[in-house]
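Here is a brief report on one protein model. It starts with aromatic packing and then widens to the fold.

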Amino acid sequence: MVKHIVLFKLKEDAPAEKKLEAMRSFKAAIEALPQRIHVIRKVEVGLNINPSETWNIALYSEFDTLDDVKFYATHPDHVAAGKLLAEVKESRACVDY
């Protein structure tokens with residue numbers, strides 16, 4: 001099994017309402033993906049409630065293989081979900097293990 005963990009940091013200077021809307025839209029879009037992308041075994045998106053921390057969003061997902069992660073990463077529905085953060089995202093960190 002491969003665990004795929006991604007953290008997102010949003011731009012400090014982005015309007016708070018715009019960030020919140022993007023975060024909620026992203027969460028809903030990602031959590032709907034298992035119904036469309038058969039290789040996803042589990043997915044969860046957490047929105048950070050601790051304002052003193054660096055990262056705003058945590059994505060946790062599970063796959064059978066790294067090839068399945070690659071399939072998911074390039075799937076059009078996943079790409080579309082990622083675009084929901086495009087205007088407010090500052091950085092991204094990822095670990096697959």
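## Aromatic pairs

Y72 counts as buried because its relative accessibility is 1%. Buried means under 20% relative accessible area, exposed over 50% and partly exposed in between, with a 1.4 Å probe and protein chains only. F63 is at 0% relative accessibility, so F63 counts as buried too. The search of the whole structure finds 2 aromatic pairs. Rings of Phe, Tyr and Trp (its six-membered ring) pair if their centres lie within 6.5 Å; planes under 30 degrees apart count as stacked, over 60 as edge-to-face and the rest as tilted.

F8 and F26 form an edge-to-face pair, at 5.2 Å centre to centre and 75° between the planes. This pair links distant parts of the chain: F8 sits in strand β1 and F26 in helix α1, 18 residues apart. Both F8 and F26 are buried. F63 and Y72 form a tilted pair, with 4.9 Å between centres and 45° between planes.

## Basis of the model

The model is predicted: local features need pLDDT of at least 70, side-chain atom pairs count only at pLDDT 80 or more, and totals for chains, interfaces and linings use all residues. Residues are numbered from 1 along each chain as its sequence is written, and side-chain values use heavy atoms, with hydrogens and water left out.

## Helix α1

Helix α1 covers residues 16–31; at 1.5 Å a residue its 16 residues should span 22 Å, and its end C-alpha atoms are 22 Å apart, which agrees. The expected span is 1.5 Å times one less than the number of residues. K19, A22, M23, F26 and I30 are buried in α1. They cover an arc of only 100° around the axis, so they lie on the same side of α1. That arc is taken from the directions from the helix axis to the C-beta atoms.

The face turned away from the buried side carries exposed E17, E21 and R24. Cover for the buried residues of α1 includes β1 (2–10), β2 (42–47), β3 (57–63), α2 (66–74) and α3 (76–83).

## Overall fold

The protein has 3 helices and 4 strands. Helices (H or I, at least four residues) and strands (E, at least two) are DSSP runs, numbered from the N terminus. Along the sequence the pattern is β-α-β-β-α-α-β.

The C-alpha trace spans about 35 × 25 × 20 Å along its principal axes. Buried residues make up 33% of the 97 residues. Of the contacts (heavy atoms within 4.5 Å) with a separation of 6 or more, 72% join residues 24 or more positions apart.
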